[in-house]
Amino acid sequence: MMRSFDAIIIGTGQAGPPLAGRLAAAGKSVAIIERKHVGGTCVNTGCMPTKALVASAYAAHLARRAADFGVMLDGHVQIDMPKVMQRSHQVTLNARGNNEKWLSGMKGCTLIRGHARFEGPTRVRVVEEVLEAPQIFINVGGRAAVPDLPGIDDIDYLTNSSIVMLHRAPEHLVVIGGSYIGLEFAQMYRRFGAEVTVVEKGDRLISREDPEISDAIRGILEKEGVQVRTGAECIRFSRHPQGIAVGLSCSEGAPEVIGSDVLLATGRRPNTDDLGLKAAGVEVDERGYIKVNDDLSTNVPGIYALGDCNGKGAFTHTAYNDFEIVAANLLDGEDRKVSQRLLGYALYIDPPLGRVGRTEAQAAKAGRKILIGTRPMSRVGRAIEKGETQGLMKIIIDAESRQILGAAILGAGGDEAIHGVLDMMNAGATADSLRWALPIHPTVSELWPTVIQSAEPV
């Protein structure tokens, strides 16, 4: 059986459904295919469930600090993990259900369940049915990478997908990987009452950030009792009567740690290995990411790749921006490119890290003459009033043009306050435009004029 459409979308992550909406509204017939849960990583195993869990962990942390604010609670703070997880699951189920209802009721769009595989550049098979369209959009996302480490096949381990289904707090969670996903779960489960050890092969956490940001994050986690082991050059696993033995052989500290559970947070890989891409002639790189041009088209005319599977971004917002670029070019007559976007992102520990643009190291590597302005959050009135003074603010400025090259806010509200800088950078404004702004008091953003004024060459 063969059915023809104007467009086929494979995957219902953050790019697929809105693209289906735009195409259908333009009068095109669209088939959108999903083999598991509508909504992709963000809705089902990423942003929504994890940030719901982060919120519960923050509530527990704040309850333990209640006396600091003059609020007295009777007895110890207790965590009801099944209820915590029920709340997280409901957030996911609500979002998933809304997406399904939207797609199912969309005029001109057909939601098809099953595993899609290419049979040619314009044909896709789903179970017993073959679909055909002149345009095909791949939005299949990614999954946790499982590193090839000694003993990995001998143990049971968790990933970001399975740990959000765990209705208990581990006795001792060992997190393999000291980057964004791993650190969020590390702090979260420490606040849920688990003993937590973070194991990182490199010499510091989140190595893509500047050293002072990395060091401050380590300090925040260690202050809450998270054990951090960096320089773990030979990570290995074996079964142990008390759980799982994780070999480290770090230069300092015990060469082994015993945990009840292990979470693998060592990166992601694209879901492209079972799509039949060879049958369509679509090229991938050595890691399996689909090669795309600046307009997100592949080497095969009519086939596009959006979201995590193209290696151009690893965030919900970059996937959605992929949709915006494709829709603008194909439907609105615009000429938008991936290379035009300014990347911002956040690390959702508490306090959060908001980041945009280049780090100091990246700017220096590019040979730019730069100015650096920093201030500790202990000098931010809003942070002082909230009793959350950990972290710092930092801005990187081009010394000649005065253009803002990048910024970081590790501190209270940093994930929101960073957008003030992001918006200025998108508008092409100079640092002086931000310096002369009149920010609201008391906010985190009000310190930016001071940070800019203090900027010095490095």
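Are tyrosine 189 and phenylalanine 192 buried or exposed? Here are some friendly notes, starting with that pair.

1. Tyrosine 189 is buried, and phenylalanine 192 is buried too (buried means under 20% relative accessible area, exposed over 50%, partly exposed in between, with a 1.4 Å probe and protein chains only). Keep in mind that this is a predicted model, where local features need pLDDT of at least 70, side-chain atom pairs count only at pLDDT 80 or more, and totals for chains, interfaces and linings use all residues. Residues are numbered from 1 along each chain as its sequence is written, and side-chain values use heavy atoms, leaving out hydrogens and water.

2. Rings of Phe, Tyr and Trp (its six-membered ring) pair if their centres lie within 6.5 Å; planes under 30 degrees apart are stacked, over 60 edge-to-face, and the rest tilted. By this rule there are 6 aromatic pairs. One of them joins tyrosine 189 and phenylalanine 192 edge-to-face, at 5.5 Å centre to centre with 80° between the planes. Ring pairs also link Tyr180, Phe315 and Tyr345 into a cluster.

3. Helix α3 covers residues 47-64 (helices are DSSP runs of H or I, at least four residues, numbered from the N terminus). Its 18 residues should span 26 Å at 1.5 Å a residue, and the end C-alpha atoms are 25 Å apart, which agrees; the expected span is 1.5 Å times one less than the number of residues.

4. The buried residues of α3 include Pro49, Leu53 and His61. The buried residues of α3 pack against α2 (40-44), α4 and α6 (180-191), with contact meaning heavy atoms within 4.5 Å.

Methods: Axes fitted to C-alpha atoms, helices over the stretch in contact; angles between N-to-C directions. Helix = DSSP H or I, 4+ residues; strand = E, 2+ residues; numbered from the N terminus.
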